[in-house]
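Take a moment with the protein shown here.

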Amino acid sequence: MTTLGAVFVPQLPPERLRAVVRAADESGLEELWLWEDCFLESGVATAAAALAWSERLRVGVGLLPVPLRNVALTGMELATLYRLFPGRALIGVGHGVQDWMGQVGARAESPVTLLREYVTALRALLAGERLSVQGRYVRLDGVALDWPPTAASVGAAGADGAAGAAGEAGAGGAVLNPGVLVGAGGPKTLRLAGEVADGTILSGGTDVDTVRAARRLIDEGRQAAGRSAPHPVIVYLHAATGDGAAERMAAERVRWGYHDGQDVSVVGDAHAVADAVGRWADAGADTVVLQPTADDPDPEGFMRFVAEQVRPLVA
C-alpha cells in the first residue's frame with residue numbers, strides 16, 4: 001500500500017507547527033514531513049517538537065544538509081530521536097542547496113564524496129560501531145555513540161515505515177541501525193543512494209518519468225553494492241485544493257520555476273489528488289508526500305483533507 005504524507009512548509013512560522021501537528025495526528029495522517037531549508041527552520045528541533053506533540057504520527061525530515069553538521073553530532077541527534085520516539089522518526093540527509101552552503105562557508109568541492117563518506121559513517125555510528133576514519137571530509141578518531149538506537153527504538157519504522165530497517169532486529173536492547181534516507185536528484189547521487197542509503201527522497205518537481213528513471217539508477221547502485229533489502233522511494237508532489245487552488249498553484253509553479261505543461265502538481269478535490277498519487281505510486285514511489293502551496297490559507301485543514309478525504313481513495 002502507498003504511504004501518504006503531507007509537508008509542513010517552512011514558510012510558515014515555527015509557532016504554527018503545533019496546531020498543524022495536532023491536526024495531522026488527530027485526523028490519522030500517516031506522515032508529516034519537515035524541511036531544513038536555509039535559513040528558515042531547524043529540521044531536528046521541529047521534528048523533536050512534532051514528535052512530542054503527537055501520539056502516533058510518523059515525522060520525517062527531508063532533509064538535513066550534510067555540510068552543516070559534523071556526522072558525530074548528526075548521529076547523536078538521530079539516535080536520541082529514535083530512542084525517545086520509537087519507530088516514528090524518519091530522517092534524510094543530502095547535499096543541501098549549494099548556494100546556501102556557499103553562504104555559510106560550508107560548500108564542499110566534491111558533494112558526492114562528502115555524502116558517501118557521511119552516510120557510510122552515519123550508518124556505522126547508528127549501528128553501534130566505534131569508528132576511526134580519515135576521509136577527505138569525514139574524520140573520526142575512535143568515535144562511538146554511548147546511546148545508539150536499540151531494536152525497541154526502531155519499532156514500526158523497521159517493519160511498516162517509509163525508511164525500513166537496515167539490519168536485523170536484535171533481542172531486548174540489541175543495537176540496530178534503523179536506516180538513513182538520502183535526498184537525491186542527479187544520476188551520481190541516485191546511484192550513490194542505492195549503494196549506501198536505506199531509502200531515497202525525491203524533491204518536489206519530480207514527474208512520473210523521472211521517478212521511473214530514478215528507480216533504475218537507484219537499483220543500479222544497489223546491484224553494484226550487492227544490496228537486496230527493500231529501498232523505499234519517497235517523493236514530494238505539489239498539491240492544492242479548495243477555494244483559489246488553481247490560482248495559488250499557478251503562482252507556486254512560477255515560484256519554483258516550472259514550465260507550462262510540466263507534470264509536477266495536482267489541483268482539485270480528493271479524487272483528483274488521489275488519482276495523481278496513484279500515478280506517482282505506479283511510477284515507483286512507495287511514499288507520496290503532498291506539498292501544499294506556501295500560501296495555503298488553511299494548513300491544518302490541508303492535513304485533514306489528506307488524511308480524511310484522500311487517504312481512503314489511495315490503494
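Setting aside residues up to four places away in sequence, Trp53 touches Leu17, Arg18, Val21 and Arg22. Here, contact means that heavy atoms lie within 4.5 Å. Trp53 sits in helix H2. Helices (H or I, at least four residues) and strands (E, at least two) are DSSP runs, numbered from the N terminus. Buried means under 20% relative accessible area, exposed means over 50%, and partly exposed is in between, using a 1.4 Å probe and protein chains only. Trp53 and Asp25 are 28 residues apart along the chain, and their C-alpha atoms are separated by 8.8 Å.

A word on the source. This is a predicted model, in which local features need pLDDT of at least 70 and side-chain atom pairs count only at pLDDT 80 or more, while totals for chains, interfaces and linings use all residues. Residues are numbered from 1 along each chain as its sequence is written, and side-chain values use heavy atoms, with hydrogens and water left out.

Now step to Ser54. This residue is in the loop between helix H2 (43-53) and strand E3 (58-65). Ser54 counts as buried because its relative accessibility is 4%. Beyond its neighbours within four places in sequence, Ser54 is in contact with Val21, Asp25 and Arg88. Its C-alpha atom is 15 Å from that of Tyr82, 28 residues away along the chain.

Next comes helix H1, residues 17-27. Which residues of H1 are buried? They are Leu17, Val20, Val21, Ala23, Ala24, Asp25 and Ser27. These buried residues pack against E2, H2 and helix H12 (299-310). After H1 comes Gly28, with a positive phi near 90 degrees.

Two peptide bonds deserve a look. Most residues other than glycine have a negative phi, and most peptide bonds are trans. The bond that joins Cys38 and Phe39 is cis, with omega about -5 degrees. Phe39 lies in the loop between strand E2 (31-34) and H2. The bond from Gly62 to Leu63 is cis too, with omega near 25 degrees. Leu63 is in strand E3.

Gly62 also turns up among the contacts of Tyr236. Where is Tyr236? It lies in strand E9, residues 233-240. Tyr236 is buried, as its relative accessible area is 4%. Leaving aside neighbours within four places in sequence, its contacts include Trp33, Trp35, Gly62, Gly205 and Val289. Gly205 is 31 residues from Tyr236 in sequence, and the two are 7.6 Å apart in space, C-alpha to C-alpha.

Move on to Val288, in strand E11 (residues 287-291). Its relative accessibility is 0%, so Val288 counts as buried. Not counting residues up to four places away in sequence, Val288 touches several residues, among them Thr2, Leu4, Val235, Leu237 and Trp280. Val235 is 53 residues away along the chain, yet the two C-alpha atoms are separated by 5.2 Å.

Leu290 has its own set of contacts. Leaving aside neighbours within four places in sequence, they include Leu4, Val7, Leu237, Val277 and Phe302. Leu290 also belongs to the largest nonpolar core, which has 91 residues. A nonpolar core is a set of buried Ala, Val, Leu, Ile, Met, Phe, Trp, Tyr and Cys residues joined through side-chain atoms within 4.5 Å. Which residues have the most contacts inside this core? They are Trp33, Val93, Leu290 and Met303. Helix H5 (residues 111-126) gives the most to the core, with nine residues.

Finally, stand back. The protein has 12 helices and 11 strands. Its radius of gyration is 19 Å, close to the 20 Å that the globule rule gives for 315 residues, so the protein is as compact as a globular protein of that length. That radius is taken over C-alpha atoms, and the rule is 2.2 Å times the number of residues to the power 0.38. The C-alpha trace spans about 55 × 40 × 35 Å along its principal axes. Of the 315 residues, 56% count as buried. Among contacts with a separation of 6 or more, 72% come from residues 24 or more positions apart.
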